[in-house]
Amino acid sequence: LAPTVPQSNGFRAFIRNMSAWVDEHKIVGEFAQPKGSKPVMYCHHPHGQVAILSCASGSEVDCAGVAAPAIFKMPFCKQMMNLMGSISSAPAPFKEALRSGRNVAILPGGVEEVVLSSSDVERAYIQNRKGFVKYCVQHGVSICPVYAFGEKRLYSNLQGAWRLRLRLNGYGVPTVLGVVGI
C-alpha cells in the first residue's frame, strides 16, 4: 500500500526552496555543521510550515528529518518522507541514526504543538518531551535549538478546549482546525 522509494537530493532541494514561497520569511543565522566531528540534533520550534520544510529537507546541512511513525504508514506521505531522506521517530531507527553519527532535525513539540498553536501567542510544547535529550547524551550528539519567529502568523487555529483536544489527539483524532494564511 505504501512502497518505499529512494532518497532524492533533487526533491530535497525543491522542498528546501519552498520556504522562499512563504511571505515575510527571514532566516537569521546559518545552518552550518559546527566545527568538529560531533553530530547535531536540530530541534525546531514551533511545529509548523517553516519548521517542517527545513526539518524535512535537511536545511543546508546534511541531516535526516525525523517524523512520527504514523507518517510512514500513510501512502504519499511515506513516499515524500522517503524522497527527503527522513526517518521515523520510533526508537529503533531514531537511535540507529544517532549511533551512526548522522545529523538529525526534529520537531520535539509534535502534533501537540500544532494543536496548541495560536496566531496571537508564541507557544512551544516541550515540557514532557525529554527523551530526545536523553538520546543525545547517550550518543554524544549536540543539541541546536532552532526557532521560527513569525510561524504563528502563517495560519490560524481554533482556540480553546485544550484538554479535550489534546486527549483526542492522543487517540489519533486530529483536532487542528484553522486557515492557512500564506
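Visitor: Where is Val146 found?
Guide: In this model, which is predicted, Val146 is part of strand 5, which covers residues 142–147.

Visitor: Is Val146 buried or exposed?
Guide: Val146 has a relative accessible area of 16%, and because buried means under 20%, Val146 counts as buried.

Visitor: How far is Val146 from Ile106 in space?
Guide: Their C-alpha atoms lie 9.8 Å apart, although the two residues are 40 residues apart in sequence.

Visitor: And the largest nonpolar core, how many residues has it?
Guide: It has 14 residues, and Ile106 is listed with Met41, Ile87, Phe94, Leu98 and Val104 as those with the most contacts inside it. The elements that each give two or more residues to this core are strand 1 (40–45), strand 2 (63–67), helix 4 (91–99), strand 4 (103–106) and helix 6 (131–139).

Visitor: What is Met41 in contact with?
Guide: Leaving aside neighbours within four places in sequence, the contacts of Met41 include Phe94, Leu98, Phe132, Cys136 and Ile143.

Visitor: Changing topic, how many salt bridges does the structure hold?
Guide: There are two. In one of them Arg99 pairs with Glu96, with the closest N and O atoms 3.4 Å apart, and because these residues are three apart in helix 4, about one helical turn separates them.

Visitor: Which residue forms a salt bridge with Arg129?
Guide: That is Glu112, with the closest N and O atoms 2.4 Å apart. This pair links distant parts of the chain, since Arg129 sits in the loop between helix 5 (110–115) and helix 6, while Glu112 is in helix 5, 17 residues apart.

Visitor: Is Glu112 buried or exposed?
Guide: Glu112 is buried at 18% relative accessible area, whereas Arg129 is partly exposed at 23%.

How values were computed:
Residues numbered from 1 in each chain as written. Predicted model: local features only at pLDDT ≥ 70, side-chain atom pairs only at ≥ 80, totals over all residues. Heavy atoms only, no water. Core = buried A, V, L, I, M, F, W, Y, C linked by side-chain atoms within 4.5 Å. Buried < 20%, exposed > 50% of the residue type's maximum accessible area, 1.4 Å probe, protein only. Helix = DSSP H or I, 4+ residues; strand = E, 2+ residues; numbered from the N terminus. Contact = heavy atoms within 4.5 Å. Salt bridge = Lys/Arg side-chain N within 4 Å of Asp/Glu carboxyl O.
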